[in-house]
Every structure is written in structure tokens, then in C-alpha cells.
Amino acid sequence: MKKSISRVFAVLLAMVMLVSVVCIPAIASAPKEKTVKVNYVVSGNDKSVEFKYSDAYFDQSGYVYRQDLAIASNALAISAGGSQRARKSNDMKNQNQNFKHFASVCGFDKFASSQYMKARPKVDSIGVNCASKKIEDGKGKSTLIAIAIRGFGYQNEWGDNGLIGVTGDHQGFSRSRDDALKFVKQYIRDSGIKGRIKVWVSGYSRGGIVANMIGGSLDDGYNLGDKVTLSRDDMYVYPCEPALGVATESTKNAKYDNIHNIVNPNDLVPMVPFTSWGFARYGIDHLTPTKADPNYDEYSSAMKDYMKSIPNDIYNIYWPDLFQGWDVQTNGTIITGISKNDKLQPEFFKDLDKAVSADLVYSRQDYVDNLQVYIMDLLEAFNREDVEVKDAGKDVLKVLADNWQDVLQVLLSGDKDKAVNAIAGYIEEGYAKSGITNYTQEKIVKMLNVLVPRVIKMAKDYPSTTGTFIANIVNILAAHSEAPCQSWLKTLPADYMKTHTAYSYNY
């Protein structure tokens, strides 16, 4: 009996030793998380901030949301901006140096960037960056391809945001998606990549919606090459603050749930072009807190403390906290009463959608026929690489906000010429504050003559919405900044954005 027990014990001991021998290499080779520095664009300069990265972020299916990967994806997105260091030295071919640095410290190589990451962007261009590395998971070896879409420092490309089109997906965004996919396919071919691949895709703002649409196309089976295979589980798509841009009915499928959108409900950009125009985005939106959250004060305090510790271009202010709604009473032509209300910014965006769709832009056809060219010119002018013009734009908005009651009253009067002259005067005042004199007043007046009659109608039908928008125009536009996006991601509890989700087609 003792001999039998001894044999059993010996077998068990041998099994334990065997398991130990097998497990030790696995533990030793487990990918480690490391701290890396990322350079990104802040107020016309390249600044740096720390993030973490590990190959282990890609061990699970892309359908599983990971906070650590969301944070790393934010780093990937901000690295894609055109380097200001390169631009200031007129070294345009090295505008991709921030991406190359980030990808390199994360262990990637075989860097490649699209044409307009190496030249001055145009209205219809897109900046795409790629790098790759070999990784291994429970299913074996694969090539991980990082795809970063430029969403910072893209100059004239901002004008493309206004190219909406009459039907289907947003025309400008879908064109950029197609160009980006062609570049990625060529990158795979040129790099000699074969076999199983994983893709890691991110971008911010315009880059975010293009990244989102790239994910949608890959989920739909876009062929990246006959020598590679890509499963939906091996897609890690994390757009940051993406706009809307996909025809709503095209997005309603669970296969797109491997696309994880990082969305601040207080940011106007992820809410436009409006859902009432038939736009949404692929995948799941993971939402940062609003004041409706019972723990908002605790969360926002941590977020703002972190934001003050990193370089940012919004004066260490979390602008949504300054939003103030207004109730405006009129007799049709004159303001008879004004009072504050407690409406939150995300609720206000729904009101703005309703007012704009009813009176400002009647349909996508109306927009294309009568407004598109003006909006594209305005967007391009406000975001071109001209610091003086950008600063003047901010001063103009501040003057309008400071005088919002007078602006609203002149709109309610219904006198188009009087309203055009008054608003043109405020614009002139804003330019004067910045010392700008080389602008064309005639072009501004021409644009206002088209827009003001529509704004007059909206002011009369929706005085509270119109007044609130003008009063908060600085707060609303300043809320679209990378700094809060990064700060929320790095300070929220690990499971917060995993459980606070929505689908954009339900907004």
C-alpha cells in the first residue's frame, strides 16, 4: 500500500514539475507594460506627455472594450498630428515625426505615411500613418499594424468637414476613408506583410470619424490583400471624439461592436452633422461623464487636476462647466424677458439639432445648393496654419458671446440689412482686437447675406435655443479639445466607460 502511495505521489510530483517547466517560459515572455512619451500638437508647438503601452492590450477579442487600450489609442491618435517642429523648420517631409517616435518606442517599425503627411495638406487630402510589428497571442503569431489618422494640425483639410453631399455617407469623410484604405493596402503590399494580421486604428475628431469608417469597411469585408487574413476579432478600432458621418441605417449591426468610440457628450463635434440629417457612426459610443452623473464632482475634479498637469491649449479650463442655458421670452420682435435655466449641454444639443433642421438648413439638398461652399470656406479659413487668423476667430466669437442679447434682438427685429451690418460690425471689432486688417469685408458681408435670413427665422421660432447658442458659442467650440479626452480616459475608474455606453443612432 505504501509503495502504491509513493508511486502516486511521484507521479503527482512529476506532473507539478512538468507544469512548472511549461509555465515558466510563458510567464517570462508575457508582454510587459512600459511608459512611453508621446509628442503632440499644442498651441502651434510640439509638447510631450506620458502614456503606457503593451502588446498584451491585443490579447483579447476586439469586441472586448479595454480601458488601457483606449488610453493607448488616444496616444496613437494624438501622435498622428502634423509636427509643428517640422513645419516651423520648413521640413514638411518630416511632419510625421511625432507618429514615428511614438510607434518606435512602442516597438513598431516599417513606418510609412501618406503623401499629405509630407506636404502641405489640401481641402480634400487626408493624413495616414502606418507601422507594424510581430506579436503573439493564444492563437499564435500575427503582424499588428498601427494605423493613425491625422486629426491635429491638418490646416486646409478642415474645410472638407463641410463637404456633406446630398445622400448617403458624408462625402468628404467617405472620400478620406477610401484614400486611407488604399494607402493601408499599399503599405501591406510594400512591407511584404503576409498571413494573419491585426489592425489597431485611431484618430481624433475628423481623424476619428475616418478611423471609424475604416473600421466599418473592414467589418464589411474590405480586402486588404490576398496574402493577409483579418478577422473581426483582430480589429482594435478606438476613434476619439469622432464626428457623425455614416448613413444611419448602415450602422445598425452588431458586427460593428468591435469599434469603440470615445465620446464626450458635452462636445458638439461628435453630435454633428446632426442625427436628424440621417447621420450616425459605426460601433459603440463609450461616454465620459456629464453633470447628470451623481458622482460628477468627484470624477471631474480628478479629471481637471490631471488636465492642469499636461500641456493643453484651453487655458486649463473645462469649458462645458461654464455652459449656461437661457430662456428667452419675446413678443415676436422684441425680447420681453430673459432667465437662466438648468438645461445641460447634451440636452441643449438636441434643441439645437431641432432648431437648425427646422429653420437654418431644411435638407441636405438645401445645404449643398445654398450653404456648403460658404461653410467650407469658413472652416478652411478658421483652421488654416495662420495663428493670427485663428486668434482673430476666437476674438470674434468672444465679441458675439459678450453681446449675445444685442445680437439676438437685432435678429428678432427681422431687418436683414440691419442684422448683417450689426454682425459684420462685431466681426470687425473682433478682428481689431487681434490687430488683423488684411481681411475682405465684402466676402464676409456676402456670406452673412446668405446666412442671416435663415438665422433670423431660427431666432424667431427658437429664441431660447438661438440665444443660448450665441451666449455659449465660445464655451461650446472650446469644449472640442484633446486635453479633456485624454484626462477623462486617464482618471476615470477602469470600468466606467465600459458600462456607460450608447449607440449614436439613438441620440
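## Salt bridges across the chain

Lys-457 forms a salt bridge (a side-chain nitrogen of Lys or Arg within 4 Å of a carboxyl oxygen of Asp or Glu) with Asp-359, and their closest N and O atoms are 2.8 Å apart. This pair links distant parts of the chain, since Lys-457 belongs to helix α14 (residues 441–461) and Asp-359 to helix α8 (residues 345–360), 98 residues apart; helices (H or I, at least four residues) and strands (E, at least two) are DSSP runs, numbered from the N terminus. Lys-457 is partly exposed, with a relative accessible area of 38%, whereas Asp-359 is buried at 2%, where buried means under 20% relative accessible area, exposed over 50%, and partly exposed in between (1.4 Å probe, protein chains only).

The model is predicted, so that local features need pLDDT of at least 70 and side-chain atom pairs count only at pLDDT 80 or more, while totals for chains, interfaces and linings use all residues. Residues are numbered from 1 along each chain as its sequence is written, and side-chain values use heavy atoms, with hydrogens and water left out.

| Salt bridge | N to O distance |
|---|---|
| Lys-457 and Asp-359 | 2.8 Å |
| Lys-304 and Asp-321 | 2.8 Å |
| Asp-234 and Arg-196 | 3.0 Å |

A search of the whole structure finds 24 salt bridges.
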